[in-house]
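These notes are meant for someone opening this entry for the first time. The points follow the structure from the whole chain down to single residues.

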Number of protein chains: 2
Amino acid sequence: MSVAPLVVKLGGGANLDVDAVLRDLAALQRPWVLVHGGNAELNEVSTKLGHQPRFVTSPSGYTSRVTDLETIRLIQMVYRGRINSDFVLRLQAQGCNAVGLSGIDGRLWQAERKEAIRVVENGRKFLLRDDYTGKVVSVNTDLLRLLLDNGYRPVLTLPALANDGSAVNVSRPPPWPPPSEPTTCSSSATFPASCATSTTRPASSPASPRRTSNPARTWPSTA
Amino acid sequence: MSVAPLVVKLGGGANLDVDAVLRDLAALQRPWVLVHGGNAELNEVSTKLGHQPRFVTSPSGYTSRVTDLETIRLIQMVYRGRINSDFVLRLQAQGCNAVGLSGIDGRLWQAERKEAIRVVENGRKFLLRDDYTGKVVSVNTDLLRLLLDNGYRPVLTLPALANDGSAVNVSRPPPWPPPSEPTTCSSSATFPASCATSTTRPASSPASPRRTSNPARTWPSTA
């Protein structure tokens with residue numbers, strides 16, 4: 001059985017020392033998978049193209065992006081086309097054979113699209129429909145294993161592929177991995193030594209990742 | 001040895017019946033690889049973002065895009081992020097397990113960057129330097145084989161990965177495949193029956209693709 005890879009989640013905010021993270025990843029002997037966002041650049045490009053970003057807040061206080069069809073297209077352009085390509089290129093320049101994928105490639109992140117999301121605005125609760133938002137329910141770890149076992153390093157980003165065939169934003173990290181919580185980097189040059197092990201999932205979230213009995217050596221199976 | 005895949009090259013112009021091509025590809029039992037461009041959409045997005053597209057003509061009459069660093073970033077956003085994602089999504093919706101890649105992923109298309117390109121403007125010849133343009137010299141067919149042998153269908157696009165670590169535009173199709181010339185689709189619903197077998201390479205081009213003695217069954221090896 002393959003050794004479980006290190007999974008690193010790199011947030012999408014501004015002012016991250018991405019160079020330091022990529023440099024350390026490129027030097028790692030252990031297999032790894034990088035999962036990244038790109039909110040700051042998405043907001044920038046979206047605004048330049050005249051599609052002003054919008055956010056809503058859930059009753060539990062969770063803020064998420066309003067994701068209409070144009071926003072999904074922008075996520076594909078910015079996350080996958082711009083940021084993911086940039087990361088792959090910088091890793092390649094350091095001798096690391098990275099392969100960029102989004103969640104729709106090879107059905108990597110299979111999601112259930114939400115019929116509606118609960119929103120609070122000015123104290124009033126309502127349902128927001130027709131949003132391209134979902135929840136990842138299955139991960140094609142076979143594809144990741146295939147790449148890792150052949151020396152490639154997967155660099156993964158949104159969107160996910162929903163059950164209705166659409167591409168969807170997922171406001172919480174995909175349930176992968178177990179085996180352990182992803183390592184979220186939000187600060188600078190001291191990765192990986194000082195990277196906080198945490199997720200961006202709110203403490204109250206009911207959707208915990210599945211766990212295995214031997215987290216150091218097993219992968220979740222694809223549902 | 002694997003059966004050679006069908007390789008389909010889909011031009012990047014406007015007014016292509018992409019739906020028809022993707023529908024026929026999704027229905028094919030034989031393995032295939034789709035290579036696509038996206039010039040029309042690149043021009044549109046580039047213009048919207050204030051980076052007006054520019055073109056130059058070579059002494060032999062070949063027109064190519066001036067590719068500065070910002071244009072490379074736009075190619076990544078539009079070709080890979082927008083068009084490639086859209087194709088993958090539409091193929092997935094038809095039950096075809098497509099995986100989108102650009103030439104930098106897994107060092108798929110390794111290129112030599114051109115030091116300069118010869119240009120003619122108003123009858124005057126000169127050299128254009130600092131252009132992110134190259135020529136593909138090697139293809140990582142191992143990665144394509146790996147995906148195809150595991151049931152995935154690769155959807156490939158620019159840029160390529162140059163020897164200096166940069167991403168580059170390639171103005172002529174990569175030397176892949178042999179075994180046979182790519183099938184270029186530029187018309188509507190009758191693919192594959194009526195697809196013209198041709199390349200977009202000018203007739204006078206000195207750089208013919210390598211050929212094998214048994215084009216139906218062999219792949220080029222990765223240099």
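1. Overall make-up of chain A. Of the 223 residues in chain A, 53% are buried. This is a predicted model, and the values below are computed from it. The secondary structure of chain A amounts to four helices and 12 strands.

2. Two helices of chain A. Helix α2 (residues 39-48) of chain A packs with helix α3 (residues 69-93) of chain A at an angle of about 120°, and their axes are 10 Å apart. Angles of 65 to 115 degrees would count as roughly perpendicular and those over 145 as roughly antiparallel, so α2(A) is oblique to α3(A). The crossing of α2(A) past α3(A) is right-handed.

3. The residues in that contact. On the α2(A) side, the contact is made by Asn39(A), Glu41(A), Leu42(A), Glu44(A), Val45(A) and Ser46(A). The α3(A) side contributes Leu74(A), Ile75(A), Val78(A), Tyr79(A), Arg82(A) and Ile83(A). Sorted by class, the contact of α2(A) with α3(A) has seven nonpolar, three charged and two polar residues.

4. Leu74(B) belongs to helix α3 (residues 69-93) of chain B. Its relative accessibility is 2%, under the 20% limit, so Leu74(B) counts as buried. Leaving out residues up to four places away in sequence, Leu74(B) touches Leu42(B), Ser46(B), Leu49(B), His51(B) and Tyr79(B). Thr71(B) is also found in helix α3 of chain B, and Thr71(B) counts as buried because its relative accessibility is 7%. Beyond its neighbours within four places in sequence, Thr71(B) is in contact with His51(B), Arg65(B) and Val66(B).

5. A separation to check by eye. Leu74(B) and Val139(B) lie 65 residues apart along the chain, and their C-alpha atoms are separated by 23 Å.

6. Helix α4 of chain B. Which residues of helix α4 (residues 141-149) of chain B are buried? They are Thr141(B), Leu143(B), Leu144(B), Leu146(B), Leu147(B) and Leu148(B). Within chain B, the buried residues of α4(B) pack against β2 (32-36), β5 (98-103), β9 (133-139) and β10 (153-162). These buried residues also pack against α4 (141-149) of chain A.

7. The ends of α4(B). At the N-terminal end, α4(B) is capped by Asn140(B), with a side-chain oxygen 3.2 Å from the backbone nitrogen of Asp142(B). Just after α4(B) comes Gly151(B), with a positive phi of about 90°.

8. Cis peptide bonds. In chain A, the peptide bond joining Leu158(A) and Pro159(A) is cis, with omega of about 5°. Pro159(A) sits in strand β10 (residues 153-162) of chain A. In chain B, a cis peptide bond joins Leu158(B) and Pro159(B), and its omega is about 5°. Pro159(B) is placed in strand β10 of chain B.

9. Positive phi outside glycine. Asn122(A) is not a glycine, although its phi is positive, at about 50°. Asn122(A) is in the loop between β7 (116-121) and β8 (124-129) of chain A. With 80% relative accessibility, Asn122(A) counts as exposed. In chain B, Asp130(B) is a residue other than glycine with a positive phi near 60°. The loop between β8 (124-129) and β9 of chain B holds Asp130(B). Is Asp130(B) buried or exposed? Its relative accessibility is 64%, over the 50% limit, so Asp130(B) counts as exposed.

10. Thr57(B). Strand β3 (residues 55-57) of chain B includes Thr57(B). Thr57(B) counts as partly exposed because its relative accessibility is 31%. Setting aside residues up to four places away in sequence, Thr57(B) touches Tyr62(B), Thr63(B), Arg118(B), Val119(B) and Val120(B). Thr57(B) and Asp130(B), 73 residues apart along the chain, have C-alpha atoms separated by 16 Å.

Definitions and conventions: Residues are numbered from 1 along each chain as its sequence is written. Chains are lettered from A and ligands numbered from 1 in the order in which they are written. This is a predicted model: local features need pLDDT of at least 70, side-chain atom pairs count only at pLDDT 80 or more; totals for chains, interfaces and linings use all residues. Side-chain values use heavy atoms; hydrogens and water are left out. Buried means under 20% relative accessible area, exposed over 50%, partly exposed in between (1.4 Å probe, protein chains only). Contact means heavy atoms within 4.5 Å. A polar contact is a pair of N or O atoms within 3.5 Å; within protein, one must be able to donate a hydrogen and the other to accept it, and residues adjacent in sequence count only if both atoms are side-chain atoms. Axes are lines fitted to C-alpha atoms, for helices over the stretch in contact, and angles run from 0 to 180 degrees between N-to-C directions. Angles under 35 degrees count as roughly parallel, over 145 as roughly antiparallel, 65 to 115 as roughly perpendicular and the rest as oblique. A crossing is left-handed if the near helix is turned anticlockwise from the far one by less than a right angle, and right-handed if clockwise. Ala, Val, Leu, Ile, Met, Phe, Trp, Tyr, Cys and Pro count as nonpolar, Asp, Glu, Lys and Arg as charged, and the others, Gly among them, as polar.
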